[in-house]
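Please keep the model open beside them.

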Amino acid sequence: MTTQTTDVPGTPPTPPTPPTSSDARRAWLREHSELGVCVLLLALGVLVLTDALTMDVDITQRGPVGPKTVPIVVGVGLLVIAALLAVDVLRGGHGEAEGGEDVDLSEPADWRTVLLLAGVFLGSAVLIEPLGFPVAGALLFWGAAFALGSRRLDKDPLIAAVLSLITYAVFNNLLGVPLPGGPLMGVL
């Protein structure tokens, strides 16, 4: 990377400056920026493995697999993926931009939609305890659909209510994850 200043009439041209080691280092890091993802995956894998291996588990309370098995498998998988990705990046591999993206980067962000979605999520988090999951979930689904542009006021609330009730039934009854029922607790 060389730079040359513009010539002023009557003065000799300035010779190009050689690239410095910091310029070369920046260029190398820019070309190998995917190594940041490798570092993140490595740190996450170490965190998961450390957490899993220091887990205090009573030997009489575990089944044939135990509660440490899945976190250990996930942590080892993260470390393997981090190593394989690092090798690929150092050998010259890099991510390609998707050709099918239809995002116009010159357009400003749609902050109205972002703020509406954030408000809907925060509202459902506040309302889930007093109203219960079925009502708060229906408001969440309907509000998210509205924030994202759906204006079908005849169908959206009904679809949101059905989705919320199905989600409540699956988590509460089938998976055994207790969700607050709210005023509908006796009905459901």
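**Entry 1: overall picture**

I began with contacts, taken as heavy atoms within 4.5 Å. Of the contacts in the protein with a separation of 6 or more, 54% are between residues 24 or more positions apart. I am working with a predicted model, where local features need pLDDT of at least 70 and side-chain atom pairs count only at pLDDT 80 or more, while totals for chains, interfaces and linings use all residues. Residues are numbered from 1 along each chain as its sequence is written, and side-chain values use heavy atoms, with hydrogens and water left out.

I then looked up the secondary structure and found six helices and zero strands. Helices (H or I, at least four residues) and strands (E, at least two) are DSSP runs, numbered from the N terminus. The order from the N terminus on is α-α-α-α-α-α.

Next came burial: 17% of the 188 residues are buried. Here buried means under 20% relative accessible area, exposed over 50%, and partly exposed in between (1.4 Å probe, protein chains only).

**Entry 2: α3 and its partner**

How many residues does α3 have? I count on 22 for this helix, residues 69-90, with 32 Å from its first C-alpha to its last, close to the 32 Å expected at 1.5 Å a residue. The expected span is 1.5 Å times one less than the number of residues.

I looked for the buried positions of α3 and found Gly 75, Leu 78, Ala 82, Ala 86 and Val 89. Seen down the axis of α3, these buried residues fall within an arc of 70°, so they line one face of the helix. The arc is that of the directions from the helix axis to the C-beta atoms. An α-helix has 3.6 residues a turn, so residues three or four places apart point the same way. Turned away from the buried side of α3 are the exposed residues Val 70, Val 73 and Leu 84.

Which helix do the buried residues of α3 pack against? They pack against α2 (35-53). The angle between α2 and α3 is about 160°, and their axes are 8 Å apart. Axes are lines fitted to C-alpha atoms, for helices over the stretch in contact, with angles from 0 to 180 degrees between N-to-C directions. α2 and α3 are therefore roughly antiparallel to each other. My cut-offs: under 35 degrees is roughly parallel, over 145 roughly antiparallel, 65 to 115 roughly perpendicular and the rest oblique.

I noted the crossing of α2 and α3 as left-handed; that is, the near helix is turned anticlockwise from the far one by less than a right angle, whereas clockwise would be right-handed.

Pro 67 is in the loop between α2 and α3, and is partly exposed at a relative accessible area of 41%. Its C-alpha is separated by 7.7 Å from that of Val 57, 10 residues apart along the chain. Just after α3, Gly 92 has a positive phi of about 110°.

With α4 (residues 111-131), the axis of α5 (residues 133-147) comes within 8 Å and crosses at roughly 175°. α4 and α5 are therefore roughly antiparallel to each other. Not counting residues up to four places away in sequence, Thr 113 touches Ala 147 and Leu 148.

With α6 (residues 156-174), α5 packs at about 135°, the axes 8 Å apart. That makes α5 oblique to α6. This crossing is right-handed. Phe 141 and Trp 142 are among the α5 residues that meet α6, whose side includes Leu 163 and Tyr 168.

**Entry 3: last look**

After α5 comes Gly 149, with a positive phi near 115°. I ended on Leu 184, in the segment after α6, which counts as partly exposed at 31% relative accessibility. Leaving aside neighbours within four places in sequence, Leu 184 is in contact with Pro 134 and Val 135. The C-alpha atoms of Leu 184 and Gly 132, 52 residues apart along the chain, are separated by 7.5 Å.
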